[in-house]
Amino acid sequence: MKMPAPILVTGNLPASVLDTLKREFQVECHAEDRPMSRSKLLHSIRDKIGLLSMITDDIDGELLDYAPKLIMIANMAVGYNNIDLEAAAKRGILVSNTPGVLTEATADLAFSLILGTARRIAEGDRMVREGRFSFWAPFHFLGRDVSGKTLGIIGMGRIGKAVARRARGFQMPILYFSRNPLEKTEEEELNAHYVPLNNLLGESDFVSLHIPLSSVTRHFISEKEFSLMKTTAFLINTSRGPVVDEKALLEALQNRIIAGAGIDVYENEPAITPGLEKLDQVLLLPHVGSATLETRTRMAAMAAGNLLAGLRGEAPPNLINP
Ligand code: GLV
């Protein structure tokens, strides 16, 4: 009997998903909570024909040189900036992602950050826990309204639109800036108005980022963009850390150029720019946009489905590089 071909899974997946892979392949799974180390990844990839990867795996030309048998990489994420697509294409390696299944969870988190920054949720929690809740007064611990305020959405793809749908329930006028403007009917449905970036920055009370990271979008929001925002505005980032110049963000917050920020992703994850943690007007989360049991389960199943299809010689449903 022929031995099943080996594949590598670099994160802990639900048993049922692993089982579907094990039926056809010999699976090496890094079933630990922490990301796989670079040295272990370079060592483990050598004989593998398939890789089910996490966003913490840096998949570059060097790694692919270690993997002469690799046919397909299935990234368990919608973003794939951790993969050098050119290096993969040069070697004829298929790459897929997991779009759609994490849209609602990520939009929920973006909206949590909108509410959380405006109403100072984490700061209030810290105050009560630390025994500093000592009085009520009419103008004490004030936040800002969310309902009726203007939301600026940068990147009106799946997640941007899902945030817009939530904002409708809060009667928020929506401005957006996107590579691909929406059809008129969709704009009307979402009550969203396409505007130039500078107008969006100048008129929005909340600016929420939903663009992928690329060489074009690195530091998309930097000192100049902060200077255009209202001093009462909040920046929300659930996309990718390097889309924001984090040093410029720290300075904008320290100098009260903007009112606050809700941040789930960082420029040099998991490190954060020192000083951010000292500011009460920033709400900091550990990259958990898609981190719900239901969503991560769907992402795992989708990544496994893509990998199985690609290795069987079928077209993976979510191929990025056809
Ligand atoms: C998570 O960050 C993703 O891109 O899915």
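Guide: An oxygen atom of the ligand is 2.9 Å from a polar backbone atom of Gly-79. For Val-78, a polar backbone atom lies 2.8 Å from a ligand oxygen. Arg-240 uses its side chain: an N or O atom there is 2.6 Å from an oxygen atom of the ligand. The protein covers 89% of the 190 Å² of accessible area that the ligand has on its own. Accessible areas come from the Shrake-Rupley method with a 1.4 Å probe, and for residues only the protein chains shown count as cover.

A word on the source. This is a predicted model, in which local features need pLDDT of at least 70 and side-chain atom pairs count only at pLDDT 80 or more, while totals for chains, interfaces and linings use all residues. Residues are numbered from 1 along each chain as its sequence is written, and side-chain values use heavy atoms, with hydrogens and water left out.

Now the whole shell. Ile-55, Ala-77, Val-78, Gly-79, Leu-102, Arg-240, His-287 and Met-299 surround the ligand. Each has a heavy atom within 4 Å of it. By class, five are nonpolar, two polar and one charged. Here Ala, Val, Leu, Ile, Met, Phe, Trp, Tyr, Cys and Pro count as nonpolar, Asp, Glu, Lys and Arg as charged, and the others, Gly among them, as polar.

Next, Asn-75. Its place is in strand β4 (residues 72-75). Strands (E, at least two residues) and helices (H or I, at least four) are DSSP runs, numbered from the N terminus. Asn-75 is buried, at 0% relative accessible area. Buried means under 20%, exposed over 50%, and partly exposed in between (1.4 Å probe, protein chains only). The side chains of Asn-75 and Ser-53 are joined by a polar contact of 2.7 Å. Such a contact is a pair of N or O atoms within 3.5 Å; within protein, one must be able to donate a hydrogen and the other to accept it, and residues adjacent in sequence count only if both atoms are side-chain atoms. Beyond its neighbours within four places in sequence, Asn-75 is in contact (heavy atoms within 4.5 Å) with residues including Ile-55, Tyr-80 and Ala-303. Ile-55 is also one of the residues around the ligand.

Last, helix α1 (residues 15-22). Val-17, Leu-18 and Leu-21 are buried there. Seen down the axis, the buried residues of α1 fall within an arc of 100°, so they line one face of the helix. The arc is that of the directions from the helix axis to the C-beta atoms. These buried residues pack against β1 (6-9), β2 (26-29), β3 (50-53) and α12 (293-312). The face turned away carries the exposed Ala-15 and Ser-16.
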